[in-house]
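Dear colleague,

Please find below the structure I am handing over to you, followed by an account of what was found in it. I would be grateful if you kept the structure in view while reading.

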Amino acid sequence: MTKIQAHLFRQILQAVVIIVGGLVMMALLAQGLSRTDLILENRQSALTYFYIVMLGSPQVVALLTPLAIFVGAVWSLNRIHKDSEIVVAQAAGMTRWQVASPILRLALMCAVMHLAVNLWVQPVAQRTMREAVAMARADLAAALIRPGQFTTNGERLTFYAREQVGGELRGVMISDMTDPAFPTDILARTAALVSVDGKPTLLLRDALSQQLDENMQLSILEFDQYMFDLTDFMKEDAELILKASDKYLHELVFVDRKDYFQNKEADGFLAEANARLTTPLLNIVMAMLAILAVLGGDFSRQGYSRRIGIASAAAAVILVVQLALQSAAASDPALNIAQWAVPLVVLAGLCWVYFGRGRHIGKRPPPRGDLLADRQEAIA
C-alpha cells in the first residue's frame with residue numbers, strides 16, 4: 001500500500017475497532033442482564049457470572065462486525081473527504097480501486113476473522129457457556145441451601161434449614177416425594193453436604209425419619225448419622241442438549257438421522273450452516289456500500305447526508321433480509337440459495353455502480369495552457 005492508502009486504512013481501522021468495542025459492550029451488558037438469575041436464583045459467584053457472559057461475546061462480535069464496518073467506514077470516509085484528503089488522492093491520479101482498496105482490504109480481513117469465529121470460536125464458546133450454565137443450575141448446594149426458606153428441586157424434594165453456620169446446617173427438614181404414595185419426612189439436628197464416591201450426599205446427624213407404610217401405620221426411625229443420596233435428584237439435568245449455535249459445521253451438515261431430535265431439526269441445522277458461511281460476506285457488502293455512499297458522487301463541503309441516509313437504510317434492509325432468510329430457511333431449505341444470492345448479487349451491483357463510472361475519481365481538467373494549445377492545433 002502507498003502512504004495515503006496506509007493512512008486511510010489506519011483511520012478506518014481505528015473507527016471500526018472503537019465502534020465494535022462500544023457495540024459489543026452494550027450487547028454484553030444486555031446479555032448479562034438476562035443472566036442475573038445465576039446469582040439471584042442459583043447463588044453463584046460474580047466470577048461465574050462474568051465468565052458465562054464473556055463466553056457469549058464471540059457470537060455478539062460476529063453479529064455486529066458488519067454493522068460496525070459500515071458505520072466506521074462511513075464516519076471515517078466522510079471526515080477524510082470533508083478534510084480534502086480524498087481530493088489529494090484525486091489530484092495524484094489515484095483510480096477508484098486504489099482509493100477503495102484500503103477499506104476493502106480491511107473488510108476482507110474482517111470477513112476472514114468472522115468466518116473463523118463462525119466455524120470454530122463460536123461453537124467452542126457456546127458449548128462451554130452451556131455447560132457452565134448447566135453446572136451452575138445443577139449445583140444443589142446453591143439451589144437447596146437457603147437458610148430460613150423452603151426450597152424445592154422439582155416436585156420430588158422439599159428442603160428447609162433454619163440456619164447455616166460455616167459449612168454446617170442446623171434445624172434441617174427434608175420431604176422426599178419420590179414415591180408419592182409413601183412420602184418420607186426427615187428431621188435432623190445438623191447436616192453437611194459431602195461427596196461419597198463422587199456422588200453428592202447430605203450427611204444428617206441426629207436424624208429422625210417418618211414414613212407411612214402399606215398399612216397406613218406411621219414408621220419412625222432414629223439415626224445418629226444418615227446419608228441422604230442426592231444423585232437421583234440431578235438426573236433431569238444430566239443430559240445436555242446442544243443447539244444449532246453450539247455445533248460445528250460438519251455436525252450441522254451431516255446429521256444423524258437415527259437421532260430423533262437431530263432429524264427433527266435437520267432443516268434448521270442446514271440453515272445455520274449456510275448462515276455461518278454467508279454472513280462473513282456481509283462485511284464486504286457493508287464496506288462497499290459505505291464507499292459508494294461517500295465516494296460515489298461529486299465532492300461537497302456540505303457533506304453527503306442524503307447519500308449516507310439512503311445507504312444506511314439499504315444497510316439495515318440487507319441485514320434484516322439476511323436474518324429473515326436464515327429464519328425462513330429453517331422451514332424451507334430451498335431458501336438457503338437465497339442466503340448466498342443476496343450478498344453476492346448486492347455486492348456485484350455495488351461494484352458495478354462504483355467501478356463502472358470511470359477509471360479515475362474526479363479527473364482534473366487539463367491546464368489552461370494545454371487547452372489553448374489544443375485549440376490552436378485544431379484551428380491550424
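Please bear in mind throughout that the model is predicted.

The side chain of Glu-272 meets that of Arg-276 in a salt bridge, with 2.9 Å from N to O. Both residues belong to helix 10, which covers residues 266-278, and they are four residues apart, or about one turn of the helix. Arg-276 is buried as well, its relative accessible area being 2%.

**Other salt bridges**

How many salt bridges does the structure hold? There are six. One of them joins Arg-130 to Asp-246, where the closest N and O atoms are 2.4 Å apart. Arg-130 is part of helix 6 (residues 96-137), while Asp-246 sits in the loop between strand 6 (218-229) and helix 8 (249-253); the pair therefore ties together parts that are 116 residues apart in sequence. Asp-246 is buried, with a relative accessible area of 0%.

Another salt bridge pairs Arg-162 with Glu-163, and here the closest N and O atoms are 3.7 Å apart. Are these two residues buried or partly exposed? Arg-162 is partly exposed, at a relative accessible area of 48%, and Glu-163 is also partly exposed, at 31%.

**The largest pocket**

Rolling a probe the size of a water molecule over the atoms shows where empty space is left. The largest pocket has a volume of about 540 Å³. Its lining consists of 22 residues, and those nearest the centre are Gln-59, Leu-63, Thr-279, Leu-323 and Gln-326. By type, the lining divides into twelve nonpolar, eight polar and two charged residues.

Which helix gives the most to this lining? Helix 4 does, with seven residues. Helix 4 (57-82), helix 6, helix 10 and helix 12 (305-329) each contribute at least two residues.

Thr-279, one of the residues nearest the centre of the pocket, is found in the loop between helix 10 and helix 11 (281-295). Thr-279 is buried, with a relative accessible area of 17%. Its side chain makes a polar contact of 3.1 Å with the side chain of Asn-118. When neighbours within four places in sequence are left aside, Thr-279 is in contact with His-114 and Asn-118.

**Two further residues**

Gly-72 is located in helix 4, the helix that gives the most to the lining of the largest pocket. Gly-72 is buried, with a relative accessible area of 0%. Apart from neighbours within four places in sequence, Gly-72 is in contact with Ala-15, Val-16 and Ile-19. The C-alpha atoms of Gly-72 and Ile-18 are separated by 8.4 Å, although these residues are 54 residues apart along the chain.

Asp-206 deserves a look at its backbone. This residue has a positive phi of about 50° although it is not a glycine. Asp-206 lies in strand 5, residues 199-212, and is partly exposed, with a relative accessible area of 44%.

With kind regards

Notes: Residues are numbered from 1 along each chain as its sequence is written. This is a predicted model: local features need pLDDT of at least 70, side-chain atom pairs count only at pLDDT 80 or more; totals for chains, interfaces and linings use all residues. Side-chain values use heavy atoms; hydrogens and water are left out. A salt bridge is a side-chain nitrogen of Lys or Arg within 4 Å of a carboxyl oxygen of Asp or Glu. Buried means under 20% relative accessible area, exposed over 50%, partly exposed in between (1.4 Å probe, protein chains only). On a 1 Å grid over the protein atoms alone, a cavity is a set of points where a 1.4 Å probe fits but cannot get out, and a pocket is an open set with protein on both sides within 12 Å along at least five of seven lines; lining residues have an atom within 4 Å of a point. Grid points are joined across faces, edges and corners, and a volume is the space filled by probe spheres set on the points. Ala, Val, Leu, Ile, Met, Phe, Trp, Tyr, Cys and Pro count as nonpolar, Asp, Glu, Lys and Arg as charged, and the others, Gly among them, as polar. A polar contact is a pair of N or O atoms within 3.5 Å; within protein, one must be able to donate a hydrogen and the other to accept it, and residues adjacent in sequence count only if both atoms are side-chain atoms. Contact means heavy atoms within 4.5 Å.
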